[in-house]
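Please read the following report on nonpolar cores, a surface patch and salt bridges alongside the sequence and the model.

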Amino acid sequence: MKTLLHPVSITFLVVALIISLPFFLKKATPVLTDAQLRDRALATTFKPVPKTYEGLLKAVDTPQNPMSKEKIALGKELFNDPLLSDDQTVSCASCHLLQEGGDDNLPTAIGVRGQPNPFHLNSPTVLNAALAKAQFWNGRAKDVEAQAGGPIQAPFEMHMTPQAVEKRVNGSSEYLKKFNNVFHQNRITFEQVRKAIGAYERTLLTRGAYDRFLEGDDTAISAQAKRGMTLFLTKGCKGCHSGMSVGGQSMQKFPLRRYVSEYIGLLFEPDVRLRESPFPFINEGGFMGKDGLQKFRVPILRNITRTAPYFHNGAVDKIEEVVRIMSKYQLGNEFTKEQIEDVVAFLKTLEGEPVVYDIK
């Protein structure tokens, strides 16, 4: 006589099968030759940063603010000049250190008189920002020219009004001469200040080992980095982190996924801030992205390994933890320790110094 399984046993087996199904369905990561890996990358929106000024112009110049040698030089001077802040202690360069990844490596930006950002927002990198389709965490500025005016006017950053800026720079005979040479007007406007800074920021593109690999140098990146790049291209990362800048091309919701087990675990979490956070970390500052809908501009990944701490409020210190979080909550496929290490090795190839263009 056959023994029938107890209904409880059947239920247990079905649940176990459902839980384990994703593991059986996981596709193995393909093994690609260097040429195949490069071709797959170039077939998407991944492109190397140009080496020449002519290439730079093709990549970032705009008819709304045509670049010129004089305008770029003026923008560089303004970018580094604390004259544009209320107490003349803070410049654009204060929060965007070009040799440190283009940010300030602080969890939240600090403005005039030591004021922290009230939303506890982390300064995004200015490097390669001109390649992005939107600026700021909530994408509220369309380009670097529009972005340049934001921190200047924010009361907790540089704390100036357009009128105050105009009065300040018009009081400088040197600036009057330089602005007249560029814009051919006898009075400096706030719009001209933004345009000059924007023109300079459009030159702040970086190149590194990743670019050399895309251009044909098989030895530019390690075997581990190539495994990480393969994961990046085949597991879904490139869907959001795209373009020459490897990010900054779209607004995306974060997180896309949460798990029942976590909600249960949070019931026993002693820190109420973590229990109430919609993110897998404490939401210091309470910022919720564009329109409060948890939509954020996708971060630029060039130099990402130099711009800790991470996420909009600097809640995570280690890039390895960032990769784990993104694989779990955005891809729904949490990477193993080895996969995380491979992806981090690839991300390190995105490090690079600002290109010194022969600006004509």
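Is Glu174 buried, partly exposed or exposed? Glu174 is partly exposed, with a relative accessible area of 43%, where buried means under 20% relative accessible area, exposed over 50% and partly exposed in between (1.4 Å probe, protein chains only).

This is a predicted model, in which local features need pLDDT of at least 70 and side-chain atom pairs count only at pLDDT 80 or more, while totals for chains, interfaces and linings use all residues. Residues are numbered from 1 along each chain as its sequence is written, and side-chain values use heavy atoms, with hydrogens and water left out.

**Salt bridges**

The structure holds 21 salt bridges, each defined as a side-chain nitrogen of Lys or Arg within 4 Å of a carboxyl oxygen of Asp or Glu. Three of them are listed here.

| Pair | N to O distance |
|---|---|
| Lys177 and Glu174 | 3.9 Å |
| Arg302 and Asp211 | 2.8 Å |
| Glu284 and Arg273 | 3.4 Å |

Lys177 and Glu174 both belong to helix H8, three residues apart, which is about one turn of the helix; helices (H or I, at least four residues) and strands (E, at least two) are DSSP runs, numbered from the N terminus. Lys177 is exposed, at 54% relative accessible area.

The side chains of Arg302 and Asp211 also meet in a salt bridge. Because Arg302 lies in the loop between strand S3 (295-297) and helix H14 (319-329) and Asp211 in helix H10 (residues 209-214), the pair ties together parts that are 91 residues apart in sequence. Both Arg302 and Asp211 are buried.

**Nonpolar cores**

A nonpolar core is a set of buried Ala, Val, Leu, Ile, Met, Phe, Trp, Tyr and Cys residues joined through side-chain atoms within 4.5 Å. The largest has 44 residues, and those with the most contacts inside it are Leu78, Leu84, Val193 and Ile197. Helix H9 (190-201) is one of the elements that give two or more residues to this core, and the largest share, six residues, comes from H9. Leaving aside neighbours within four places in sequence, Leu84 is in contact (heavy atoms within 4.5 Å) with residues including Leu78, Ile152, Val193 and Ile197. Another core, of 41 residues, lies apart from the largest one and has Leu37, Tyr210, Ala345 and Leu350 among its members.

**Surface**

Val260, Ile264, Leu267 and Phe268 form a nonpolar patch on the surface. Phe268 is found in the loop between helix H12 (260-266) and helix H13 (272-276), and Phe268 is exposed, with a relative accessible area of 67%.

Conventions:
Patches are made of residues with over 30% relative accessible area and no salt bridge: like charges are joined within 9 Å, nonpolar side chains (Val, Leu, Ile, Met, Phe, Trp, Tyr) within 5 Å. Accessible areas come from the Shrake-Rupley method with a 1.4 Å probe; for residues, only the protein chains shown count as cover.
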